[in-house]
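Could you look through this one with me?

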Amino acid sequence: MAMADHLVPGVTTVTPHGRYYAVHGLIAAQAEAEDLTIPEAQSLLRRAEVALAAVSFAHHPQALEWLPRAHGTDALARRLHTGTLTMSEAEAPGKDGYVGSRWGFWGPYNGSEIALGILAPGHMPAPGPRLEAAAVRAGLDGLLELARAETLSVDSLKSFGDQLCVCAGGERADGEWLAKVMCEPADPAETGSRSATRRQTIQLLARVVTEHPEQIRRFTRDIGPVLAFGDFLTSDSVTSGIDTAAVWRGVVLRNYSVGAWRRLWSWLVAQVDGLLPIEEVADRFAVELPDTTVDAFLSALPATQSTTGAPLPAEYDLRNVIDSPLPLTELRVLAAGARRVDELSGRVRDAFLGRRGVELGPEWTQRRLDEARPTKLRDFARQITHDLVARSQRIARAKARRRPDGTLWLPTRLHERGGLLYRTSQEGRGDVGLRLDQLGTVLATCGVLRYDGGSWSVTGRGRALLG
């Protein structure tokens with residue numbers, strides 16, 4: 001996650017819409033122009049977000065394949081389906097409105113908007129050095145009038161779709177402005193700056209999209225393997241000259257191992273039903289594995305490196321083995337990642353290893369597997385189970401907080417008492433987000449990329465900005 005933040009500054013896993021950058025910039029400019037108080041700015045921002053969501057719903061009643069719905073649409077669904085929105089009700093913060101926060105969805109976007117220079121740090125939206133008020137006013141022309149209306153008719157909002165929908169920024173002035181903010185370094189002379197790194201990442205994605213037009217439908221799912229495996233990054237005339245390409249390769253490869261630990265831990269927690277001895281959980285893990293040694297298990301792994309030194313898609317292929325139990329699959333993925341410790345080099349290896357010496361990292365996993373080579377794989381699984389449970393409890397205790405009533409809050413879903421385990425809920429098992437999907441949709445909604453007919457392409461604007 002730290003590496004993703006370094007590679008894609010200004011975009012996070014909760015910022016999929018480019019138009020919210022412009023909306024919040026518009027509110028900042030308007031608050032400054034009218035000298036609004038904090039409550040007045042909060043109300044105007046919420047109303048503008050409600051209007052944006054209502055127009056987007058009117059423009060696309062069914063969700064688009066390539067773009068998430070506007071924020072708050074689900075909470076507004078009942079009102080939207082009646083055909084009329086009463087703005088004072090819809091914008092109200094709390095359970096009856098479209099969002100609980102008094103600042104609407106500014107919170108999730110605020111850090112990104114500050115990183116991009118759109119907004120300045122502060123207790124309310126204020127113009128930053130890269131905000132072009134004229135561009136956001138022109139691009140979002142009509143939004144403030146809708147925000148200040150008493151009621152909105154969904155049918156009447158259809159006429160605003162081509163200018164105010166979350167999908168429409170690429171054709172508007174605010175999209176042209178945001179494309180420059182995303183793709184051009186704040187200071188071209190600062191080659192190592194965060195904005196220069198973001199530009200390189202966008203150049204890399206644009207090149208992958210251009211050279212794999214039929215393959216790329218979803219960024220994380222389809223671009224990830226291109227970045228991680230094969231010789232495209234080193235043999236292509238463009239990507240071979242992009243410094244961040246090697247870093248991205250290491251990050252994507254590392255994420256396979258991170259995802260394997262998350263899936264494995266989620267599976268272990270799911271085995272706990274009621275009170276269960278830890279030994280029973282360990283045995284359930286062990287029984288999912290073949291009766292062999294760790295050495296034989298490692299020897300049976302697929303190749304992870306080609307004869308030319310390029311990473312082979314071992315992790316990707318292992319996850320597509322039919323009928324392989326999840327614990328066995330993820331342990332294989334972890335072992336494949338551990339093998340890469342001695343295969344990768346340079347910036348790829350540095351990014352893959354990340355912070356050195358951490359528990360569960362590739363080097364830690366490699367060491368544990370090597371030490372256990374003569375032992376039974378099932379015994380290794382039992383030991384790993386005990387290690388993971390002990391680690392989870394150790395981390396929970398370190399992050400424990402005392403509640404106002406004197407009770408102790410432990411940030412964990414799995415609890416241990418006297419060797420017995422019980423869980424309060426399931427653990428998530430999804431991969432850590434690398435922000436590629438969100439970067440793709442932000443670039444599409446500011447006109448750098450286009451999704452059409454089931455595939456992505458780079459627009460003329462994108463080619464002009466990226467060179």
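The points below take the rings, then the hairpin.

1. Ground rules: this is a predicted model, with local features needing pLDDT of at least 70, side-chain atom pairs counted only at pLDDT 80 or more, and totals for chains, interfaces and linings using all residues. Numbering runs from 1 along each chain as its sequence is written, and side-chain values use heavy atoms, leaving out hydrogens and water.

2. Searching the whole structure turns up 10 aromatic pairs (Phe, Tyr and Trp rings, the six-membered one for Trp, with centres within 6.5 Å; planes under 30 degrees apart are stacked, over 60 edge-to-face, the rest tilted). Tryptophan 66 and tryptophan 456 make an edge-to-face pair, 6.2 Å centre to centre with 90° between the planes. That pair bridges distant parts of the chain, 390 residues apart: tryptophan 66 is in the loop between helix H3 (38-59) and helix H4 (73-82), and tryptophan 456 is in strand E9 (residues 455-458). Helices (H or I, at least four residues) and strands (E, at least two) are DSSP runs numbered from the N terminus.

3. Tryptophan 456 also pairs edge-to-face with tyrosine 451, at 5.1 Å centre to centre and 65° between the planes. Trp66, Phe219, Tyr451 and Trp456 make up one aromatic cluster.

4. Buried or exposed, tryptophan 456? Its relative accessibility is 5%, so tryptophan 456 counts as buried (under 20% relative accessible area; exposed is over 50%, partly exposed in between, with a 1.4 Å probe and protein chains only). Tyrosine 451 is buried at 14%, and tryptophan 66 at 18%.

5. Strands E6 (residues 414-417) and E7 (residues 420-423) pair antiparallel over four bridges; pairing takes at least two DSSP bridges. Arginine 417 has leucine 420 in E7 as its bridge partner. The two strands form a hairpin with two residues between them, and glycine 418 in the turn has a positive phi of about 60°.
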